Amino acid sequence: MAASSRFSLAAARCSLFLTAALVLLALSHGAHGHGAGLSSSFYDGSCPGMRDIVRRVIQDARVADARIPASLIRLHFHDCFVNGCDGSLLLDDDLQAGIMTEKKVLANNRSARGFDVVDDIKRALENACPGIVSCADILALAAEISVELAGGPSWSVQLGRRDGTSANIESANNLPSPFDPLETLQEKFRNLGLDDTDLVALQGAHTFGRTQCQFTQRNCTAGQRAGALLNLDGVTPDVFDNKYYGNLLQGRAQLPSDQVMLSDPVAAATTAPIVRRFSGSQKDFFKNFAASMVKMGNISPLTGRDGEIRKNCRRVNKKPY
Ligand code: HEM
């Protein structure tokens, strides 16, 4: 073989190897922050009773407060949209550690709830398998169990997140607002890898739970005081179903951010057809909701050696409860 052809063969092999290495690097980099390392069997060996424990605590809490499942899924959403799903929302103020809690931003203050139930879950898990289950994973699993208990779909929850050690008030201040126009909502979702179908499906969680009247389209005009609670879904308030989309079609969604998915000028070409689809088929809605929840749960999780497993989800001075 001539020296030049031997050289070109070696060069080709070398470039093939380089390409393969680059592809692998790109894949592993791309996967980081998109659910890399998560798995539905993560705790099978280390905390096999996990699911039953979380389910039992939520079921007990629900007896006294029918709204708890709705409140818990909202915590997972507000956690994942700020710094990824790392349990940062659960952290209390801790000046020594430089932590300023996300609980006091507009979207959470006197609004996000269910923190005591998360504490109860964590306490029960620490009794059964100390130092194993992260607070971020508790939120992800609690969200799925809550939907299922309310009659919604179930899905295979990806687990293995670790907990963040810092809060991010600036990002929490940028959580979607009920008064955001559609394009702003779309942008806030798109920035986290969530498309229009995810936006329409995930807002379908407003099929249960409550809202304070000052956030609604009518804005307490029925004479209530600010803070008065209204059902997000007036038809089946505590059931997870597709009635929410029917409300939208009748102009009866509670939040302006719900109704814009149909009424905004850009809705016709983007979200409105999806609203109609989900209103026509609960099966289609459930399938997409489950898929979008998995996508949301994959937003920048901490895995491997990052983060920690908190003993106390509020982490005040790192002491257990
Ligand atoms: C598109 C952006 C969204 C906006 C602007 C929004 C806004 C709101 C507002 C203003 C409330 C009432 C809070 C209060 O009165 O204190 C609320 C409640 C709720 N949100 Fe959303 N939300 C959005 C997306 C989501 C998503 C993605 C989920 C879950 C996947 C979700 C689940 C819930 C639930 C279940 C409640 C009722 C909570 C309870 O009763 O405690 N929301 N949302």
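Mentor: Start with burial. A residue is buried if 20 or more other C-beta atoms lie within 10 Å of its own, exposed if 12 or fewer, and partly exposed in between, with C-beta atoms placed from the backbone. Two notes on the source: this is a predicted model, in which local features need pLDDT of at least 70 and side-chain atom pairs count only at pLDDT 80 or more, while totals for chains, interfaces and linings use all residues. Residues are numbered from 1 along each chain as its sequence is written.

Trainee: Is Phe-289 buried or exposed?

Mentor: Phe-289 is buried, because 26 other C-beta atoms lie within 10 Å. Phe-285 is buried too, with 26 other C-beta atoms within 10 Å.

Trainee: Where is Phe-289 placed?

Mentor: Helices (H or I, at least four residues) and strands (E, at least two) are DSSP runs, numbered from the N terminus. Phe-289 sits in helix 12, residues 282–297, and Phe-285 is found in helix 12 as well.

Trainee: Which residues does Phe-289 touch, not counting those up to four places away in sequence?

Mentor: Contact means that the C-beta atoms of two residues, placed from the backbone, lie within 7 Å. With residues up to four places away in sequence left out, Phe-289 touches Pro-153, Ala-201 and Gly-204. On that basis, Phe-285 is in contact with Ala-201, Gly-204, Asn-242 and Phe-278. Distance along the chain is another matter: Phe-289 and Ser-154 are 135 residues apart along the chain, yet their C-alpha atoms are separated by 9.7 Å.

Trainee: Which residues touch the most other members of the largest nonpolar core?

Mentor: In soluble globular proteins, nonpolar side chains tend to be buried together. A nonpolar core is a set of buried Ala, Val, Leu, Ile, Met, Phe, Trp, Tyr and Cys residues joined through C-beta atoms within 7 Å. The largest one here has 73 residues, and Val-54, Ile-58, Ile-138 and Ala-142 touch the most other members. Helix 5 (residues 135–149) gives the most to this core, ten residues.

Trainee: Why does the shell around the ligand lie between two domains?

Mentor: Domain bounds come from an automatic or database domain assignment. Domain 1 (50–175 + 299–318) and domain 2 (182–293) both give residues to the shell around the ligand, so it lies between them. The largest share of that shell, five residues, comes from helix 3.
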